[in-house]
Amino acid sequence: MKADKFRVKPSSKVNLNKFATRGKSDQSKEALLADMLEVGAELAALQLKLYAEDKQSLLVVLQGMDAAGKDGVIRQVMQPLNTQGVRVSCFKQPSTLELSHDFLWRVHAQAPERGEIVIFNRSHYEDVLVVRTHKLVPKAVWKQRYEHINAFEKLLVEQNNTRIVKIFLHMSPEEQLERFRERLENPEKNWKISDSDYSERELWPDYMAAYEDALSRTSTPWAPWHIVPADDNRTRNLAVAKIVRHALREMNLRMPEPSVDLEAIRAKYHTAANIAASAKSKVTAGVKAKAPTKTSAQATTKIATKANASTTAKAPTKASASQPRAATKRVATRKTKVSS
Ligand code: AMP
Ligand code: MG
């Protein structure tokens with residue numbers, strides 16, 4: 001299964017009926033899971049480079065009908081990644097404030113920083129999908145949006161080194177109904193049921209027409225769409241993981257050169273190590289020199305027994321007890337500064 005097989009060629013006219021909704025694989029369940037683990041390990045290694053390099057970023061746009069598996073993909077595919085460096089942004093119905101701006105205002109604010117991976121769970125595409133289907137703005141307004149979207153995505157690519165990968169989870173209406181049944185029967189999934197699930201489902205043909213237009217008009221060389229069969233969870237997740245890996249591989253990520261003179265730091269390390277070693281050997285020599293003879297050891301035991309009567313004398317004072325903690329805190333503060 002190759003990542004580019006899902007890519008929508010720029011300027012092509014998409015007819016979703018021609019795209020499979022159920023991923024096929026001749027691999028066993030175990031082999032698919034093994035593949036997933038392998039891709040996950042590589043995703044984690046690539047993410048580390050992206051984060052360390054701190055020059056580029058990755059934006060993954062996830063779209064699909066209700067129950068197509070957006071949440072599942074985020075959980076399964078992104079799981080191996082370091083949460084420090086990954087962010088998920090969910091786009092729901094816009095607030096009054098958001099509606100008083102242009103449709104990209106709230107989206108731009110969520111674009112990834114350099115070094116970061118951001119996943120959009122729904123996105124600015126809702127403004128040419130749900131908005132078009134429900135006629136929330138006049139046609140003349142949503143029609144202009146494809147061009148604005150392409151220009152906006154180009155801005156992110158060219159001005160902030162963002163790589164954009166857009167994924168449409170293509171599910172059949174039959175599979176959606178099956179998933180709605182599961183939501184109803186499994187108490188763990190009840191919370192996902194929404195009033196609008198069935199009314200939106202009735203508008204399926206309109207949504208598919210809106211998706212076809214969006215996929216045809218906005219799959220660009222700088223921000224391509226991918227159509228991933230989503231009826232089967234395992235092949236869906238593996239396909240998405242491979243698409244994300246492909247994008248990260250193509251980014252030519254490099255670990256940055258160290259910002260310090262490594263030879264000078266190495267010399268400092270050796271000095272510190274020598275001081276520590278000689279302090280240790282002095283302590284060992286001192287202990288040996290003071291090693292008690294049999295008779296003096298017996299005397300020591302007697303003294304210790306007497307002293308046990310007043311253990312408070314040996315208890316550390318508040319100040320000495322707090323000293324090691326204060327030292328640890330100083331080290332921790334310094335560490336935070338270095339990593340920020
Ligand atoms: P969910 O993803 O199931 O939590 O639902 C979020 C809902 O917000 C979906 O019904 C979306 O269609 C809706 N939504 C997201 N963006 C917009 C938008 N720009 N205008 C109107 N509705 C939106
Ligand atoms: Mg929903």
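The model is predicted, so local features need pLDDT of at least 70 and side-chain atom pairs count only at pLDDT 80 or more, while totals for chains, interfaces and linings use all residues. Residues are numbered from 1 along each chain as its sequence is written, chains are lettered from A and ligands numbered from 1 in the order in which they are written, and side-chain values use heavy atoms, with hydrogens and water left out.

The side chain of D66 places an N or O atom 3.4 Å from an oxygen atom of ligand 1. R106 has a polar side-chain atom 3.2 Å from a nitrogen atom of the ligand. For D127, an N or O atom of the side chain lies 3.2 Å from a ligand nitrogen atom. Taken alone, ligand 1 exposes 500 Å², and the protein buries 78% of that; accessible areas come from the Shrake-Rupley method with a 1.4 Å probe, and for residues only the protein chains shown count as cover.

The structure contains 20 salt bridges, each defined as a side-chain nitrogen of Lys or Arg within 4 Å of a carboxyl oxygen of Asp or Glu. One of them joins R22 to E175, at 3.3 Å from N to O. R22 lies in the segment before α1 (29–53) and E175 in helix α7 (residues 173–185), so the pair ties together parts that are 153 residues apart in sequence. Helices (H or I, at least four residues) are DSSP runs, numbered from the N terminus. R22 is partly exposed at 44% relative accessible area, whereas E175 is buried at 13%. Buried means under 20% relative accessible area, exposed over 50%, and partly exposed in between (1.4 Å probe, protein chains only). A network of salt bridges links R22, E175 and R179.

Helix α7 also holds R181 and E185, four residues apart and separated by about one helical turn. Their side chains form a salt bridge of 2.6 Å, N to O. R181 is partly exposed, at 37%. E185 is exposed, at 55%.

R183 pairs with D197 in a salt bridge of 3.6 Å, N to O. R183 belongs to helix α7 and D197 to helix α8 (residues 196–202), so this pair ties together parts that are 14 residues apart in sequence. R183 is buried at 9%, and D197 is buried at 2%.

Conventions
Polar contact = N/O pair within 3.5 Å; in protein donor to acceptor, adjacent residues only side chain to side chain. Helix = DSSP H or I, 4+ residues; strand = E, 2+ residues; numbered from the N terminus.
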